[in-house]
Amino acid sequence: MKTIHKTIPIPDDLYIKHYFSNPCAFFDIETTGFSAKTAFVYLIGMALRQGDALHIYQFLAENRSEESDLLTAFHKHLESIHTLITFNGLRFDIPFLKAREQANGIRCDWNRCQNMDLYKLTGKLAHLFHLPDKKQKSVEEFLKINRDDTYNGGELIPVYYAYEKQQNPQSEHLLLLHNYEDVLGMTKLLSLLSYRDFWETPAEISHVSLQNRKSYNSDIEESELLLTLQVPMPFPQKFLFQSGLCSLRCEDASAKLCIPVFTGELKYYYENYKDYYYLPEEDMAIHKSVAAFVDAPHRKKATAATCYTRKSASFLPQAERLCTPAFYNEKKSSLSYFEMTEEFLSDMAALNGYAAHLLDFCLKK
């Protein structure tokens, strides 16, 4: 078994310096297949931080009989580690290693380390970034992380089998380079945590404004509410997420929610329609106690769809009934609205709550 150790200065990277602490380790494995029953681990790469230096270790099995030595060497380097950081490690790397350790009769304590899987975070953010898939290379492309390696893990399996027979230096270089860039690339993926921190930190608005703009291909002016939010950490790359509810633009140290204001007439639906009558000529519902004074030909029993009153005002959309009373275009509309009042626009607690509601919608959309 070969152990390759490289030491490089901590990159001049805001996110690595902020998020990569000493008791953390990144690791990535290379295997001869997806099934731990028929395949084995031939290479493990890991990155540790010690002060201002980044230590990258690679454990390479020169043949399959050295897998046990490789696993033992890897765990020895984890003795001082509190947190393991992987990309899809909880679904693949760690279960695979556990199975191979059992097959080799090796006992290892995985429970003493916490696990942070950046793949799970990517899964939550992929639609915001418009990623084609959730693979590490796709995330790296979004973050503009460049690679020299052009292979994927599957393409390197025959390269390893050839290396196992001939110990060719060129094959060894390809195997080590791919794993090295996977591990080093994961440290650069720490910038994803700036997006995580943005969503996990309570929304706090720094600026509120109303603005008018003309819609595309039209001279009609539309009103928008613009909420500028404070950001815990600058974003490594910008993105724009748009929906019928709002748009979210994140760029550098700025996050802005743009919400269309609906100005016009909407309906407020009463819940117990059996207590109301509908007046077709007025297009509204009134309570039975009042409807008794209306001539019978001008009233009829209300239904769920006709039990409403109408109001003209300026409204803001909401995905759920966050603010009441809630108004609708139609009874079965999934989107509801609440009245945009001066009182609401001057209430920072209410605005922060509304911003949190919109951010939650963007994340789960």
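What radius of gyration does the chain have, and what would a compact globule of 365 residues have? The chain has 29 Å, whereas a compact globule of 365 residues would have a value near 21 Å. The model is predicted. Along its principal axes, the C-alpha trace spans about 100 × 40 × 40 Å. The secondary structure comprises 11 helices and 17 strands. Of the 365 residues, 48% are buried. Contacts were also examined by their distance in sequence. Among contacts with a separation of 6 or more, 67% join residues 24 or more positions apart.

Helix α6 covers residues 157–166. Its buried residues are I157, V159, Y160, Y163 and E164. Viewed down the axis of α6, these buried residues fall within an arc of 155 degrees, so they line one face of the helix. An α-helix has 3.6 residues a turn, so residues three or four places apart point the same way. On the other side of α6, P158, K165 and Q166 are exposed. The buried residues of α6 are covered by several elements, including the strands β1 (2–9), β2 (24–31), β3 (41–50) and β4 (53–60). Helix α7 (169–188) is also part of this cover. Just after α6 comes Q167, which takes a positive phi of about 55 degrees.

Helix α7 also holds D182. This aspartate, D182, is buried, with a relative accessible area of 9%. The cut-off for a buried residue is under 20%, so D182 qualifies. D182 is then in contact with D28, E30, Q136 and R147.

A further helix pair was examined. Helix α4 spans residues 118–129, and helix α8 spans residues 193–200. The two helices pack at an angle of about 80 degrees. Their axes lie 10 Å apart. Angles of 65 to 115 degrees count as roughly perpendicular, and α4 and α8 are therefore roughly perpendicular to each other. On the α4 side, the contact is made by L118, L121, L125, L128 and F129. On the α8 side, L193, Y195, R196 and W199 take part. By residue class, this contact of α4 with α8 has 8 nonpolar residues, 1 charged residue and no polar ones.

Note on methods
Residues numbered from 1 in each chain as written. Predicted model: local features only at pLDDT ≥ 70, side-chain atom pairs only at ≥ 80, totals over all residues. Heavy atoms only, no water. Axes fitted to C-alpha atoms, helices over the stretch in contact; angles between N-to-C directions. Helix = DSSP H or I, 4+ residues; strand = E, 2+ residues; numbered from the N terminus. Parallel < 35°, antiparallel > 145°, perpendicular 65-115°, else oblique. Contact = heavy atoms within 4.5 Å. Nonpolar A, V, L, I, M, F, W, Y, C, P; charged D, E, K, R; others polar. Buried < 20%, exposed > 50% of the residue type's maximum accessible area, 1.4 Å probe, protein only. Arc of directions from axis to C-beta. Rg over C-alpha atoms; globule rule 2.2 N^0.38 Å.
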